[in-house]
Amino acid sequence: MTAPTAPAPAVAAPTASPSAATRPRRVPAVVVLSAVAVVVAAGLVAWNNLLVPALPADPIVRMIANVVGVLVLVLAARAGGLSWRDLGLCPTTWLSGLRWGGAAVGIVALGYAVAFLLPATRPLLENPGVEASPTSAVVLRALLLIPVGTVLCEELAFRGVLHGLTERAWAGRWWAGRGAVVAVASAFAVWHLAGAVAAPAGGIPVLGVLVVLVVTATGGVIMSVVRRRTGSIFASVGIHLGTNVVGLIAVILATR
């Protein structure tokens, strides 16, 4: 007589793994970074067109606000993963950027010098507003307000953070380079909207505003292309300094 055998242990049924349809889909990085770039661009536009005009009219106060705001933006970009190379501040690109930037300042200065020396074009440089301003105010504007409050802040914000963010978002895609240039130049133009409305070109309300925006966008494209070519914002800083600071100096010399 054989001994009774123990019943075989029950085999647990395999648990079904969640199907691909039920798994949460990860949002592509390009979508996330593009959304961040849109938020940054919108924030910059709102900053210069809504917040800054609401501040006291003291230019020093507005310069300090711009400096603090852009420093916060740069620190946030670094904390978010952008490298110094993304921001156009990598030391290996400094020399190239300074060469291009210095050349841009020289070319602009030469152009203004020719316009200043020629009797036919010198009157175009005269500006009654500059003539009526105190010398101290003009010097402060030329040596501090424009170089720091305008040029440095705008270059760090646009050719630095926004350019680096858009290139990182679209890396590897055929539109990455051109897309970054167009996006940054467009945001840079709209950044100047409040100023264009307050002082339209030729005093013509609608057409004058459009002219200012188109000219600003064109300048933004040139600066973004040079910044992308050199990898350094020092190149675009040179162009910006040339057009703004050298231009103001030429106006001062022609007016006073």
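The dialogue below takes up pockets, salt bridges and a surface patch.

Tutor: Please keep in mind that this is a predicted model.

Student: What volume does the largest pocket have, and which residues are closest to its centre?

Tutor: The largest pocket has a volume of about 1600 Å³. Its lining comprises 40 residues, and the closest to the centre are Arg141, Thr150, Glu154, His192 and Asn244.

Student: Which helices supply at least two residues each to the lining of the largest pocket?

Tutor: They are H1 (29-54), H2 (59-79), H6 (135-169), H7 (176-191), H8 (193-198), H9 and H10 (233-255). Helix H9 covers residues 205-230.

Student: How do the residues of that lining divide into nonpolar, polar and charged?

Tutor: In the largest pocket, 23 lining residues are nonpolar, 14 are polar and three are charged.

Student: Let us turn to charged pairs. How many salt bridges does the structure hold?

Tutor: As a general idea, side chains of opposite charge can pair when their charged atoms come close. This structure holds three salt bridges.

Student: Which of them involves Asp86, and where do its two partners lie?

Tutor: Asp86 meets Arg168 in a salt bridge, with an N to O distance of 2.4 Å. This pair links distant parts of the chain, 82 residues apart: Asp86 is in the loop between H2 and helix H3 (94-117), whereas Arg168 is in helix H6.

Student: Is Asp86 buried or exposed?

Tutor: Buried means under 20% relative accessible area. Asp86 has 18% and is therefore buried.

Student: Which residue pairs with Glu155, and how are the two placed in the helix?

Tutor: Glu155 forms a salt bridge with Arg159, and their closest N and O atoms are 2.7 Å apart. Because the two residues are four apart in helix H6, about one helical turn separates them. Glu155 is buried, with a relative accessible area of 0%. Arg159 is likewise buried, at 0%.

Student: What remains to be said of the salt bridge between Arg228 and Glu167?

Tutor: The side chains of Arg228 and Glu167 meet at 2.9 Å, N to O. Here too the pair links distant parts of the chain, with Arg228 in helix H9 and Glu167 in helix H6, 61 residues apart. Arg228 counts as partly exposed at 45% relative accessibility, and Glu167 is partly exposed at 26%.

Student: Finally, which residues make the nonpolar surface patch?

Tutor: The patch is made by Ile204, Val206, Leu207, Leu210, Val211 and Val215, and has an area of about 540 Å². A patch residue must have over 30% relative accessible area. Leu210, one of the residues of this patch, lies in helix H9. At 46% relative accessibility, Leu210 counts as partly exposed.

Note on methods
Residues are numbered from 1 along each chain as its sequence is written. This is a predicted model: local features need pLDDT of at least 70, side-chain atom pairs count only at pLDDT 80 or more; totals for chains, interfaces and linings use all residues. Side-chain values use heavy atoms; hydrogens and water are left out. Patches are made of residues with over 30% relative accessible area and no salt bridge: like charges are joined within 9 Å, nonpolar side chains (Val, Leu, Ile, Met, Phe, Trp, Tyr) within 5 Å. Accessible areas come from the Shrake-Rupley method with a 1.4 Å probe; for residues, only the protein chains shown count as cover. A salt bridge is a side-chain nitrogen of Lys or Arg within 4 Å of a carboxyl oxygen of Asp or Glu. Buried means under 20% relative accessible area, exposed over 50%, partly exposed in between (1.4 Å probe, protein chains only). On a 1 Å grid over the protein atoms alone, a cavity is a set of points where a 1.4 Å probe fits but cannot get out, and a pocket is an open set with protein on both sides within 12 Å along at least five of seven lines; lining residues have an atom within 4 Å of a point. Grid points are joined across faces, edges and corners, and a volume is the space filled by probe spheres set on the points. Ala, Val, Leu, Ile, Met, Phe, Trp, Tyr, Cys and Pro count as nonpolar, Asp, Glu, Lys and Arg as charged, and the others, Gly among them, as polar.
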